[in-house]
Amino acid sequence: MVEPETRCGFVAIIGAPNAGKSTLVNRLVGSKVSIVTHKVQTTRAPVRGVALRGGVQLVLVDTPGVFAPRRRLDRAMVRAAWSNADDADAIVHLVDAPAQAQVAAGHGDGADRAAAEDVERISQRLQASSQRAVLALNKVDSMPREALLGVTQTLFALGVYSCAFMISAKRGDGVEDLAAHLVGLAQPGPWHYPADQVADAPVRVLAAEITREKLMLRLHEELPYETTVETEAFIERKDGSVRIEQMVFVTRESQRKITIGEGGQTLKAIGRAARLELQEILERPVHLFVHVKVREGWAEERARFNALGLDYGS
Ligand SMILES: Nc1nc2c(ncn2[C@@H]2O[C@H](COP(=O)(O)OP(=O)(O)OP(=O)(O)O)[C@@H](O)[C@H]2O)c(=O)[nH]1
Ligand SMILES: [Mg+2]
């Protein structure tokens, strides 16, 4: 008997902050592998999700949406995004279509303009590479159809894309058409992950990410970007539950106070939201202990980068 041929494709999802990259990866995988918030710079390190379609394994790499780096952490994120794109079988450039349309019409706000500038940076970088990318226009659920066509034509005319898809990562529209196209680009070869694996981040990293998501959703202004979370202990207990201890690093005492909140209320709410979601993902009772520590220079520390899975650089 001849074994059926297996195929596997590595797909890098790149795009400006907030384009919906993590939402798309979670949708394609069918479960949450990457955290999502309405804020920019949610994803910090490449996250791999594994999707199966008709016997083909797609390894989707969700990358940080940072393309105008300032801090060391930003530079590491940009490097990580592009190195994953360069190694992939296919690149999907995900674009926030409503933001792009707003800018084209002269109505965009600061965030829209920043996103459009990133789209330009990305398309220029794609121009310099030999590989043509798949253009995916996202969030079509929240814009008029006519505006979408204009945006698509303008981007497609740059000559760096092989094809274009119009999707809503959030609602699912068009996502299976995109998946089918990516399946077509997958190369013959063995699967990279066992059939039942959907993510490859260590569970302690995912646990820290879930807490960071709750923190980002709860805290405002610049604070989320000044914060990182690490899982310091992950202990499976005899009764089937798991004890997780985490440290939130902030850069100033005032931030520590805000994170903890009046009488500890803020941290308690963050911990509770994280625990409930972790219980669902891990399918067992979770005892979560979250502490906050001031560490002025965490964003320059090699150990913090290692914990995130990022290369510290030179
Ligand atoms: N209306 C609409 N909103 C979407 C869609 N896809 C994503 N979003 C929203 O856009 C916001 C950003 O989504 P993310 O998936 O975190 O975006 P990202 O590109 O991973 O962002 P970074 O990690 O910061 O680079 C969230 O509030 C999502 O709910 C969509 O198809 N339609
Ligand atoms: Mg993301």
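Three salt bridges cross the interface between domain 1 and domain 2 by the rule used here, and since the model is a predicted one, please read every value below as computed from that prediction. One pair to pick out in the structure is Glu 300 with Arg 72, whose side chains meet in a salt bridge at 3.2 Å, N to O. Polar contacts can be counted between the domains too: eight residue pairs, both partners at pLDDT 80 or more, link domain 1 and domain 2 in this way. On the side of domain 1 that touches domain 2, the residues divide into seven nonpolar, five polar and five charged.

Let us step back to the two domains themselves. The domain assignment places domain 1 at residues 7-188 and domain 2 at 203-308. Their contact draws 17 residues from domain 1 and 20 residues from domain 2. Taken over C-alpha atoms, the centres of the two domains are 28 Å apart.

How much area do domain 1 and domain 2 bury between them? The figure is about 1,600 Å², with 57% of it on carbon and sulfur atoms. Within domain 1, the residues that lose the most area to domain 2 are Ile 35, Lys 39 and Arg 44, which together account for 39% of what that side buries.

Now widen the view to the whole structure, which holds 21 salt bridges. Among them is the pair Asp 200 and Arg 48, with the closest N and O atoms 3.9 Å apart. Asp 200 is partly exposed at 32% relative accessibility, and Arg 48 is partly exposed at 26%.

Asp 74 and Arg 71 form a salt bridge with their closest N and O atoms 3.3 Å apart. Is Asp 74 buried or exposed? With a relative accessible area of 3%, Asp 74 is buried, whereas Arg 71, at 28%, is partly exposed. Glu 301 and Arg 304 meet through their side chains at 2.6 Å, N to O. Here Arg 304 counts as buried, at 8% relative accessibility, and Glu 301 counts as partly exposed, at 21%.

Finally, salt bridges can also join into a network, and here one links Lys 32, Glu 213, Lys 214 and Glu 277.

Definitions and conventions: Residues numbered from 1 in each chain as written. Chains lettered and ligands numbered in written order. Predicted model: local features only at pLDDT ≥ 70, side-chain atom pairs only at ≥ 80, totals over all residues. Heavy atoms only, no water. Domains from an automatic or database assignment. Contact = heavy atoms within 4.5 Å. Buried area = accessible area lost by both parts, 1.4 Å probe. Salt bridge = Lys/Arg side-chain N within 4 Å of Asp/Glu carboxyl O. Polar contact = N/O pair within 3.5 Å; in protein donor to acceptor, adjacent residues only side chain to side chain. Nonpolar A, V, L, I, M, F, W, Y, C, P; charged D, E, K, R; others polar. Buried < 20%, exposed > 50% of the residue type's maximum accessible area, 1.4 Å probe, protein only.
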